[in-house]
Amino acid sequence: MIIAERKPMEEIKQFIAPYKKVLVAGCGTCVTVCWAGGEKEVAVLASQLRLARSAEGSEISVLEATVERQCEREMVAEIKDKVAEVEAVISLACGSGVQTMAEMFEDKPVLPAVNTTFIGMPEKEGLWVEMCGACGDCFLDRTGGICPIVRCAKGLLNGPCGGTRRGGKCEIDPEKDCAWVLIYRRLEKQGRLDVMRKYYAPKNYRAVKRPGKVQASKA
Amino acid sequence: METKIGVFLCNCGGAIKNIDFDAVAKKVAKFPGVTCVNLSSNLCLEEGKEKMISCIREENIEKVVVAACSPEFNEHIFREVLEKSGLNGHLLSMANIREQCSWAHEGDVTEKAVELVKMAVNKVRFLQPMEKKAVPVNREVLVVGGGFSAINVALQLSRVGLQTTLLEKETVLGDGLEKLESFYGFYPSSMISAVEGDRNIEIMTSAHMTAVEGNIGDFGVRIRKGGEEIFRKYGAIILATGYKTELALDSEPKLRAENEAISGINIVSQEQFCRMLRNPSLKTKPKTIGFMFDFSDENSRFPTLATLNNALAAKKKWGSEIYVFYKSVKVDSEGVEKLYQEARDCGVVFLRSEIPPRITAKNGRVKIEAKDVFLGEDVILACDILVAEELYLPAEETENLSSLLNIRLDSRGFFQDENVHLYPVTSEKKGIFFVGGCRDDLDLGRVLTDISSVVINVNELLSSGKIPVDVERVKADPQKCVACLTCIRVCPHGAIQLIRADNSKEVAGISDLACDACGICAAICPAKAIKFQGYRDEEILAQIEAIGESSNGRIVAFCCEHSAYPAADLAGKLKLHYPENLRVIRVPCAGQVDVFHILKSFEKGAAAVLVLGCEDGACHHITGNIRAKERVNYCNMLLKEVRVDGRPVAMFNVSPNAPHKFVRAVNEITKITKESGR
């Protein structure tokens, strides 16, 4: 799932400074799950903006809307009437949602209120960790289902480095597990340590085409 | 067409003096939807109730507001009145104009009373009827354990006609009962044969629980017995897994090393000593015996009892010299004071020491060196046997069971969180109970009380085969739920599961039976999908809306109905006055207060917001007050972020019997508000 977190308020306040009527638009999928841009966060941000402006003594009218997936044109179209009413849209969706919105309403500034951070999973209530770097060339079959590209601080394909700490922790951050120790333990459990004997050449990230495109086979 | 709202004002037999009821009635009559306003002086008495019923019927009233005493007292009575009038009992909202208005302030409070009624009228507009239903439950009970508590719970449940399964991990029942025999004169064999002969009791030995799913009335339990796995359904689960004891010496490696060679011969446990006492072929009777207790662990109710019993028995049987080293004798169990006196009268010598005695062993004798508090001198005793201090500890499987059932342990690792809101034998999860030694250091009298309490509780729950519930009191809207699992992770009562209703997508399903109506889930849901009837955004915001219209800044206080709300009532009763601008919104738990509700209060012009919940470690819903505190901090951060100064949000812990603390909290926030220039 895509994880995002709200931008610093200063940044948001700055980019909405010129406007007197805005729409705070949430997304009901990934960013709702990670507490960054669902209906609740929309309500909180809208309330904060109203309070901020009333404290400054300047007017603002803040509308609120949350669509199921902001990265779908059809779903975004559902709020077009609300968008028509405002001068600018503040989107709490991931970058993909912001762009869909911006493309749909080309005459309106669509401003991002969250930073799209990574693809991850919840470790516990309210804490998400990065799991996938979306590198486009999945390596997990060789690493016991643990991605060294994002979970190793150095993104090594052939690890561990010489800096693993006692207790299997990372030299860069003693709080974090060394991904390669995790990989070793996992492969050991599966009796597949031989996989680690192989050397893997560095990935050629330049080969990843931007923008990426995925065409599913026609069913 | 607008809903017809009937408002009933009551002056409580003249006990509400500083409100001009005619003025209130005149103003209230103008509120939209209010079709009639009635004045009464005895609304909760038969006469008043009858008048209320006939008025509701004659005027075709659809929703009711009662402005009178605190809902803590009479809400249930007025709900019944509604039911009798043919309305759903939940279409009632109360304005507390007695305890939290008339009695709480000096001088005329008519204006405040009008505002409180307005809050109630605003709220009642949004209230929805709630259906009642009887949910069928499984009448079988699982009792985990095979000791004294487990056996007796099963026997008593059988007597009230409930079937039980005794799940014992050992190969036989009542393994540890021998120990108790000499203390209390039990005959384990008779207890076990009673269980074995009981048709309502199924015994499963060498078996343990491996997984549990579901909720009260319908627990699905996986049991591993030998090589096979059995799946069974139960309505309730009772844990009676007992305790274990350990010699206090075991924790000190040096002593253990010193005594390794002789331990078990010269230094023994209470249990080993019991066996020696019963052994007819014991060759030499010990002449001098030392006992020790209450040095390492102050929870020594049971060790005290064991020491006194064994010391007396040894004195009577062998006539030995007996010296008891102790820090404090715990005589709070029934009959222990007498036992202690008897032991002294028989010549058992008690030596009090503040620090644990030094123990050494040489040539088959144990040397105890202690500093006697009363003599003020060192005492050295060489004895044949030392019955060492025992620690009373949770049984091995306690931790495993707690994670399996997702229930909390106390700070010592026993079952049941230390929380005054939990009854002795109940857990935070409905339908799971504890009994006996697995929850505390208990003597027999207390264990018997536990057993009776559990039997009464379980019988009340399951005997009729169904439990009445309010249908969908708290519900996740399947259309809005994104299955983020947040509510499942935060529910303190384990009442929420992922369900797939009608083969549609997976959503959070809240069990009406297991839900304890705290609203923690509703306040945290990022999709705003969870609705708690009576406390939905609409209902809370409608109340805030009513208080927002005044100019001089109100303090909005969200008060937990288990703590701060009754404390506020008490403050009124005791005439402890506090600023009149306080407006209380009653909530089921401080954990139900949504950040958004706090921000909205400010949007509507509140000068400050208070969140008042239970004392630390005593939240009725376990984590509600902790979450409330976190949310208040978060809210302050949100306000700081947008540089909205001078809008204080504060959380205070107030117990229901602490009206002074309530008043202090209100004064405190008033002071902060004034300082910040509002």
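Student: How many residues of chain B are in contact with chain A?

Tutor: An interface can be read by counting the residues on each side. In this predicted model, 20 residues of chain B are in contact with 19 residues of chain A.

Student: Which elements of chain B give two or more residues to the side that touches chain A?

Tutor: They are α15 (486-490), α19 (595-603) and α20 (624-641) of chain B. Of the residues on this side, α19(B) gives the most, with 6.

Student: How many residues on that side of chain B are nonpolar, polar or charged?

Tutor: The side of chain B that touches chain A has 13 nonpolar residues, 6 charged and 1 polar.

Student: What are the domains of chain B?

Tutor: Chain B is divided into domain 1 (1-130), domain 2 (141-242 + 395-462), domain 3 (264-388), domain 4 (471-531) and domain 5 (535-678).

Student: How many residues of domain 4 of chain B are in contact with domain 5 of chain B?

Tutor: A pair of domains can be read in the same way as a pair of chains. Here 9 residues of domain 4 of chain B are in contact with 13 residues of domain 5 of chain B. On the domain 4 side, helix α16 (residues 520-524) of chain B gives the most, with 3 residues. By class, that side has 6 nonpolar, 1 polar and 2 charged residues. The C-alpha centres of the two domains lie 26 Å apart.

Student: Where in chain B does pLDDT stay under 50?

Tutor: Where pLDDT is low, the predicted coordinates should not be read in detail. In chain B, pLDDT stays under 50 over residues 260-264. Chain B averages a pLDDT of 90, and 95% of the residues score at least 70. The model scores ipTM 0.90 and pTM 0.89.

Technical notes: Residues are numbered from 1 along each chain as its sequence is written. Chains are lettered from A and ligands numbered from 1 in the order in which they are written. This is a predicted model: local features need pLDDT of at least 70, side-chain atom pairs count only at pLDDT 80 or more; totals for chains, interfaces and linings use all residues. pLDDT is the predictor's confidence in each residue, from 0 to 100. Two residues are in contact if their C-beta atoms, placed from the backbone, lie within 7 Å. Domain bounds come from an automatic or database domain assignment. Helices (H or I, at least four residues) and strands (E, at least two) are DSSP runs, numbered from the N terminus. Ala, Val, Leu, Ile, Met, Phe, Trp, Tyr, Cys and Pro count as nonpolar, Asp, Glu, Lys and Arg as charged, and the others, Gly among them, as polar.
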